[in-house]
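Subject: Structure handover

Hi,

Here is the structure I promised to pass on. Have a look at it first, then read my notes below.

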Amino acid sequence: MRKIFIRTDYCKGCLICVESCPKKILKSSSSISAKGYTLPQVTNTEKCNGCGICEIVCPDFAIAVEKKDKAV
Amino acid sequence: MSGAPLEKKEDGIGAAGLISSGRHYLEGSEACVEGALMAGLKVYGGYPITPASEIMEHAARRLPMVGGRFIQMEDEISAACTLVGASWAGGKAMTATSSPGFSLMQETISFSIMTETPLVIVDVQRPGPGQGYITTSQEDVMQARWGHHGEGPIIALAPSSVQDMFDFTIEAFNLSETWRTPVLIMAEETVAHMREGLFVPDPDQIKVVLRKKPQDLGIAPEDYQPYGHDLVPPLADFGDGYNINHVSLAHHPDGNVANYNLDMHRKNVDRLHDKIEGNADVIARTESRFLDDCEHVLICYGAVARTGVEAIMEARKTHGIKIGFLRLVTLWPFPQSLLRKRIKKVGTIFVPEMNLGMMMHPITEALRDRCDQVVSIPSIGALHRPEALLEKIREVVKC
Amino acid sequence: MLKHPMLKYLKESGPHGTRLPFIMCPGCGAGQVLNYTLHAVDSIIKEGGARKEDFVFISGVGCSSRLTSHYLNFDSGWTIHGRALAIATGVLLANPDLNIVVFTGDGDAAAIGGNHFIHAFRRNINVTVICMNNGLYGMTGGQVAPTSLSQAVTSTTPYGNIEDAFDLCRLAQSSGASYVARWTTAHPHKTIKAIKKAISKKGAAFIEILSQCPVHKKQTPVDMIRAFKAMTVPINKAEGSSKIPVGEFCDTPRPEWTQKYEAIIEKCAGRKS
């Protein structure tokens, strides 16, 4: 299962990652960051294939995912 | 007329493409460029304007001979900007313009002061305002200090001869590298276009200063603070591996932008002020004669020093007037304490200028308590003739 | 915690405080463009195409230009409005071996910077210009820009824009740029590929990236990105379409400025006694 890490101090809740994930495993959540932004949440982590699109499209470098070759 | 480039014979070129030591006979414009090359000029970005174009043309011809690069840009703003980029990449850079172009360069100058970027700008002054006229002038001497927006002092030199155009250009580069600041050479059309003898010393007699870099001080890239470490911070070049961020917004010593931090901005401004104005005694120079026993004194700068010194010599010799002579080599930082050291008590201070009276103001501020009066002798668009200066001196001194 | 792979190219904090997160608004396209650019740069460095120390980032003033303000763990300069290309020209002349990337916005590049824009491309100086086009002046409050569409309502065209927009790619191309491409923030992989190609080529390259300003356009970032996909068409299918063409406009190598000047230096050095 690949882990997805979200930097809650960098994330601004734009939800571009949610829109861009081809497996649709990111969703908006009810969690609010310390700066007041709505954080995304990871659902169905088993479906993540480590494509890294969320990493590429994030404007704030706030999400990181274990890549295909680092899968446990 | 064919389109072939004009061949110009280049005499007097010595080793490494630099001017050979010994005597030469050159125009002030040419001497300026030769001095710049001697100081290590690598990049010239220019734009044509009368009466400064000769400096640019000479640079266009000479720079590739020393492996440097010349470019004529699309306007004065971009010409000045070219110097900023070149300096950041480790290349000593210069441009020359005249008064209307000097106005255009003020934002870039302000930016260079805040980012502490060494570069040299020559203003070959002509009368204004507007297109004004294309003869000689000293009407930009206040603009040199106050024309850029914001606080932030600057260094400005006033050459009086072809020799000065050579020597002061080298000095300007040395000052810019030593103090990590833009430096202005406030020439005039007179000095740029006059043709005189120039003596070039042996290369080992000529001091050339290179900027202080963090690697020279053993500072590692991860510890480097582009606006820290010292009153004059060390400056890494692009490509040195120091990841330098040049920032002109209020900043911390490490280059981090100081958001919502007026205190930090105040510190920026104060350090820039201390760096130059606080070192005015070390930076500023004057030259003087006959001050020991003088009853009056003539204070001037630039081309006016040539006729000024003739006038006072004649006043002393023929009319027995005990008048001394002082020329400001450095206009800014204004050498206030130097003036007060040299001039103790006189009757009249004469200040001839090719404007309606500009440097007379800081001169008055410095010496009002040391004299009976300050008399400004203005001239617009032309150099004062020595007879005219002498006549004024005699009229005031009643002799 | 796993770090974003491109954070190694940013200065997260220092002796005088943290620098991230970026000052940009939530969902601003500029951050995405930086992400794409760093992916391209990282790829070039990994493949041995250039060293990290050889990269220099220059920007002007505006939201896009804030990318170089103090975030990059590279040599950089955050300069004057519109003059990034002029300053980049100076950098190149002092050291032609540096890889210069210019970040600019549509107002910075095409309004106040317009003169330097056309001349840099005319000269074909070795630089990659990445222009984040959001069709307005973001930093100052959403004023009209030379790239704002006709009838756009902005803070300075409250009755609708009566002017037409520049086509920045056509402008760069006709000025003489050797490589010109347009993409949007909705095309991450195409953009990364275009930037990598532009940096790897000698000569002046122009990459226009349509970028969202959600705050002044009053739309969500996601809606704007969906719109970028819908309003664009590949350039080879653009004939007769009213959509905005994306893709490569030209790829026409020609001698670069410093390469041509080198011949002059060699000739003059040969003439030295």
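Before anything else, a word on burial: a residue is called buried if 20 or more other C-beta atoms lie within 10 Å of its own, exposed if 12 or fewer, and partly exposed in between, with the C-beta atoms placed from the backbone. Helices (H or I, at least four residues) and strands (E, at least two) are DSSP runs, numbered from the N terminus.

Keep in mind that this is a predicted model, where local features need pLDDT of at least 70, side-chain atom pairs count only at pLDDT 80 or more, and totals for chains, interfaces and linings use all residues. Residues are numbered from 1 along each chain as its sequence is written, while chains are lettered from A and ligands numbered from 1 in the order in which they are written.

Chain A

In chain A you will find 2 helices and 4 strands, in the order β-α-β-β-α-β from the N terminus on. Its radius of gyration is 11 Å, close to the 11 Å that the globule rule gives for 72 residues, so chain A is as compact as a globular protein of that length. (The radius is taken over C-alpha atoms, and the rule is 2.2 Å times the number of residues to the power 0.38.) The C-alpha atoms of chain A fill a box of roughly 35 × 20 × 20 Å along the principal axes. Buried residues make up 42% of its 72 residues.

Chain B

Chain B has 14 helices and 15 strands. A compact globule of 399 residues would have a radius of gyration near 21 Å, and the 22 Å of chain B agrees with that. Its C-alpha box is roughly 70 × 65 × 45 Å, again along the principal axes, and 55% of its 399 residues count as buried.

A closer look at β14(B)

Strand β14 (residues 346–353) of chain B is mostly covered, with 6 of its 8 residues buried. Which strands does it pair with? (Two strands pair if DSSP finds at least two bridges between them.) One is strand β11 (residues 296–300) of chain B, parallel to β14(B) over 2 bridges; here B:Val297 stands opposite B:Ile349. Another is strand β15 (residues 371–378) of chain B, also parallel, joined to β14(B) by 7 bridges. In that pairing, B:Val351 has B:Ser376 as its bridge partner. To get from β14(B) to β15(B), the chain passes through helix α13 (residues 360–367) of chain B in a right-handed β-α-β crossover; right-handed says that, with the strands pointing away from the viewer, the path from the first strand over the helix to the second runs clockwise.

Cheers
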